[in-house]
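Subject: Structure for your attention

Dear colleague,

I am handing over the structure below, and I would be grateful if you could look through it with the notes that follow open beside you.

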Amino acid sequence: MLNSKIPAGPLDKKWTDYKGHCKLVNPANKRNLEVIIVGTGLAGASAAAALGELGYKVKVFCFQDSPRRAHSIAAQGGINAAKNYQNDGDSVFRLFYDTIKGGDYRAREGNVHRLAEVSANIIDQCVAQGVPFAREYGGLLSNRSFGGTQVQRTFYAAGQTGQQLLIGAYQALERQVALGNVTQYTRHEMLEIVKIDGKTRGIIARDLVTGKLERHFGHAVLLCSGGYGNVFYLSTNAMGSNVTAAWKAHKKGAHFGNPCFTQIHPTCIPVSGDHQSKLTLMSESLRNDGRIWVPKEKGDNRRASDIPENERDYYLERRYPAFGNLVPRDVASRAAKERCDAGYGVGTSKQAVYLDFAAAIERYGRTQANIIGHHDATLEEVIKLGKEVVKEKYGNLFDMYEKITGENPYEVPMRIYPAVHYTMGGLWVDYELMTSVPGLYALGEANFSDHGANRLGASALMQGLADGYFVIPYTIGNYLADEIRTKSIPTDHPAFVEAEKEVSDRINTLMSIQGTESVESFHKRLGKIMWEKCGMARNEQGLKEAIVEIQQLKKEFWSNVKVPGKIEEFNPELDKANRVADFIELGELMCLDALQRKESCGGHFREESQTEEGEALRDDANFSYVAAWEYNGDSKWNLHKEELNFEIAKPSQRSYK
Amino acid sequence: MNLTLKVWRQKNSSDKGHFETYQVKDISSEMSFLEMFDVLNEQLIKEGKEPIAFDHDCREGICGMCSMYINGRPHGPWHANTTCQLHMRAYKDGDTIVVEPWRANAFPVIKDLVVDRNAFDRIVQAGGFISVNTGNAVDANALPIEKHKADESFAAAACIGCGACVAACKNSSAMLFMSAKVSHLALLPQGDPERKNRVLNMVAQMDKENFGSCTFTQACEAVCPKEIKVTNISRLNGEYLNAAFTEQ
Amino acid sequence: MKWIDLFTSSVGKKFIMGLTGISLIAFLIVHAGLNACIWANDNGEMFNTAAYFMGHTVVIRIAEIGLFAGILLHIVQGLVLVFQNQRKRTVKYAVPIKDGKSKWYSRSMGLLGTLVLLFLVMHIAHFWVPSRITHTLDEVQLGLKTGENLYARMLDVFQSPLVVILYVLGCISLCYHLMHGFQSAFRTFGVRNDRYLSILTPVGVWFSIIICATFAMMPISMYLGWVN
């Protein structure tokens, strides 16, 4: 029943072949075809710009006050592309292979190969738009290396790559707005999909300033609304990041793919107390130079500097001598959790490990002393020089750490702990990025397609822009070519009226409860359940308990939530209530998905499925599929399995020892 | 610590607005400024009052959404910082903190501390881009760019569009914001073909949006969370005059 | 882009301010140089000769018209800017802006300019009006020519301690006005290179101090009888 529509033919010809044969829409017809885009991150902004350039009539929606605020902006490290500018053996195939392997063999070969193919075009496009990537003295682009790869293929703009890429896409989008091809709706949130005769024909959106509901028609709707990491309450996502758009689509028939696949990033600033509202990432690049350790003694309360070298346990270097501190994210995260759970954690909360730069500072200092010809430098002088080098490399991250924690990371080791960062799962889409509802597409983090069970660093930006700039402009034409005879449907059509009524009924219900507990409090409780029972490690019993607890929480929410203010006004609490209600439902599905997937793979670690040394154990014989969940009424889902066939990249056990 | 907060409350854009005083107790020095507001809002909801509306999103200093004018300074007392990254260590027990929205006629208040900054989008629409359609690009390395120019361009492009420059300027001028965009694009060869029209159109749009003019007090640079330099404004002026006198 | 934009756009207006400001700065150099002749201690002969030259040379007289036009433009444009800029923030902050960097005089150019204008009115009434309009000054023999004894007029005017104090205050206002205006004008013309700015900024400060101190010393010297 699930048709992924992967084109036939050899892997490296699929996309070329598809582009050569897909249907086209002539320019005159494009002007009459309306496309709605929800979300303005890398995927949404790039899709809006690209489709506007093609001549479609585009409407773009974001809940923030400007498209430029979308959370893609916070990506630090970089963007991968198979350019092979470093002449170090990179190629489209290698990028494809690394991505499939990094995803622990749970992604589609066809999609991933296409991603690798267009990756090079992304860099060209971004440079042409004026994205100021880092450069060498010769004026050519610079690259850095990232986890999970052996080549240097990551393009970057200091620690603000996401920001620069998003500004590039935003500028392209604003240009289309100026030309009149795109209409921009800021501070608007999509709250429902409108379906007519089985096809997606528009959305119901709420103007967050006036609180009024609006109906918008579109021949197709693109959801570029990002991931759902905030289901855990604490994550590196923005406060407003939510699953609502995707969830409404899911409830209207779009299958949800692999919802339990969550990436926990190992290097985040640890929680400091109950007041914590979000977590902040410290770039993966820090693991190039920092050494991770905990005391050898349980419950050691000495300051880091008072613990002598031989009483420190550099557990990553001990367990994974081949990769050491540079093991992939999922492995590093689990190892940190294991140490803290065993009682070796540091800091007041004991839920943290040290990321120590002392060795790097000394090493860089020695090199620097040699460079300036100061061969008999004292240790003090060496450390001073070393700190300068480290400052140049990571200065902005160190500053950020100091602002948040009040500790100077040049003097004391950073305390870090894993945190929810990215969700590989998302709306199930076919090769054309269409969900199981005709005319409804999902791009970027909102879909499930390219990262399998674990995403490699610097690949999220690549996927968002690939989908928006280079994939959707082709694949949407293949659908819209058959829609040229569909006239714009007036929004007084019964389907619009009914969809709007559903939304307003729900909002009225939320406002009428007037219970005693705030939305925030429910969100925190949901997050706690999810983190403890569907977080870094999951087991059958915990997941079953979690499902019951979430169902209970849902009942409580709908009978005891307190939403202040009015409907028809600027009311952030109401916006939040709408989102948290959807997170609660999603949480249940995530647990259900984690429960059925009895293997461990990538970011999904089932305690029942591990090797003797405690490593993740995949079960290809039984679980080499995409779990696509069909909504079937309150707390009911049907599972569809899309078998994964690996013709080129044959699955093997990952080992980092 | 216990603090007294004087916060601007305004129901909507047509309301006159007023200050209200709140007491917050047991604030931890490890909290961020916005987390302190979260605590206050929870307290208000419990008391059946309306929580304070304020803009925020990423809470890691990059999205540019947060915008509070705290005790006379946009984004509060710390240097090169955003409101969301300000932490309560900056205050001591018993302090009184006055919080106002960005004030500029070009940034009308929507509610409480939330203002409308869409004027920035419209300034970018006037020319803050490079006109290159998707798929038209040549190979990225076909056009080498001097490293120091690329770095300077990046430093200008680091602007997060928060509007602190406007909030701190006695003239409510958007020159630092606009000059960052003009510099970012004028420093790159890709931006060259449109540089004249870009600067003329963007300045015209800024004037239309009701921002003031620049009198170089440099207050904007002092409060900019991304340390955008006022030399960008000089560059914009140079670009403008060059365009004004040589454009056909 | 039309010519009128130079007078109506925000950057154009600043350009006019800078351009007129710089020409006024150039005038100040000439003015200070000529007036420094009072310190020749020759009973004003050199000074009066110089004044005669300034008053009887066609080119200078034409330049004088330009100077007045420039002053007028600078004043009108400046006031327009001040009032327009004030209207950009109708609801004021309860706590005044404390950015920690901007100088008080940079923020007070309108006020300083107005003080300088008031001073200018007095100054013109003291010297320029009797010399050019009412012709009420004493005559003095300068070699073969007969000129006006402006020197005597100066001695006369600066007998009043109140006038001397007002002149010194006027010079202080001008000094702060210039400290900001000098470098700001160059930035308006697009000077952004750190190497130039690192020269321009101290030059601006010292220029303002030296020129204004020179002017301030004139009434003081006369009042205290240091020249005769």
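This is a predicted model: local features need pLDDT of at least 70, side-chain atom pairs count only at pLDDT 80 or more; totals for chains, interfaces and linings use all residues.

Q263(A) lies in strand β11 of chain A, which runs over residues 262–268, and the side chain of Q263(A) is joined to that of R329(A) by a polar contact of 2.9 Å. Leaving aside residues up to four places away in sequence, the residues that Q263(A) touches are R329(A), A419(A), V420(A), H421(A), Y422(A), M424(A), N454(A) and R455(A).

Also in chain A, helix α7 (residues 244–251) has seven of its eight residues buried, so this helix is largely enclosed by the rest of the structure. The buried residues of α7(A) are T244(A), A245(A), A246(A), W247(A), K248(A), A249(A) and H250(A), and among them is a lysine, K248(A). After α7(A) comes G253(A), which has a positive phi, near 115°.

The interfaces made by chain B come next. In the one with chain A, 72 residues of chain B are in contact with 77 residues of chain A, and the two chains bury about 6,000 Å² between them, with 53% of that area on carbon and sulfur atoms. The rule finds five salt bridges across the interface of chain B and chain A; one of the salt bridges between these chains pairs K83(A) with D139(B), whose closest N and O atoms are 3.0 Å apart. Across this interface there are also 42 residue pairs in polar contact, counted where both residues are at pLDDT 80 or more. On the side of chain B that touches chain A, at least two residues each are supplied by α1 (33–46), β6 (109–111), β7 (114–115), α2 (118–125), α3 (147–157) and α5 (175–186) of chain B, and by class the residues of that side divide into 34 nonpolar, 21 polar and 17 charged.

Turning to the interface with chain C, 49 residues of chain B are in contact with 41 residues of chain C, and the area buried between chain B and chain C is about 3,600 Å², of which carbon and sulfur atoms contribute 56%. Here the rule finds one salt bridge, in which the side chains of K101(C) and E221(B) meet at 2.4 Å, N to O, and the polar contacts between chain B and chain C come to 26 residue pairs, both residues being at pLDDT 80 or more. The elements of chain B that give two or more residues to the side touching chain C are β5 (96–100), α4 (164–168), α6 (195–208), α7 (219–223) and α8 (231–246), and the largest share of that side, ten residues, comes from α8(B). By class, the side of chain B that touches chain C has 26 nonpolar, 15 polar and eight charged residues.

Finally, a position within chain C: V76(C) is found in helix α4 of that chain, residues 58–86, and with a relative accessible area of 47% V76(C) is partly exposed. V76(C) and A63(C) are 13 residues apart in sequence, and their C-alpha atoms are 20 Å apart in space.

With kind regards

Technical notes:
Residues are numbered from 1 along each chain as its sequence is written. Chains are lettered from A and ligands numbered from 1 in the order in which they are written. Side-chain values use heavy atoms; hydrogens and water are left out. Contact means heavy atoms within 4.5 Å. Buried area is the accessible area (1.4 Å probe) that two parts lose on being put together, summed over both. A salt bridge is a side-chain nitrogen of Lys or Arg within 4 Å of a carboxyl oxygen of Asp or Glu. A polar contact is a pair of N or O atoms within 3.5 Å; within protein, one must be able to donate a hydrogen and the other to accept it, and residues adjacent in sequence count only if both atoms are side-chain atoms. Helices (H or I, at least four residues) and strands (E, at least two) are DSSP runs, numbered from the N terminus. Ala, Val, Leu, Ile, Met, Phe, Trp, Tyr, Cys and Pro count as nonpolar, Asp, Glu, Lys and Arg as charged, and the others, Gly among them, as polar. Buried means under 20% relative accessible area, exposed over 50%, partly exposed in between (1.4 Å probe, protein chains only).
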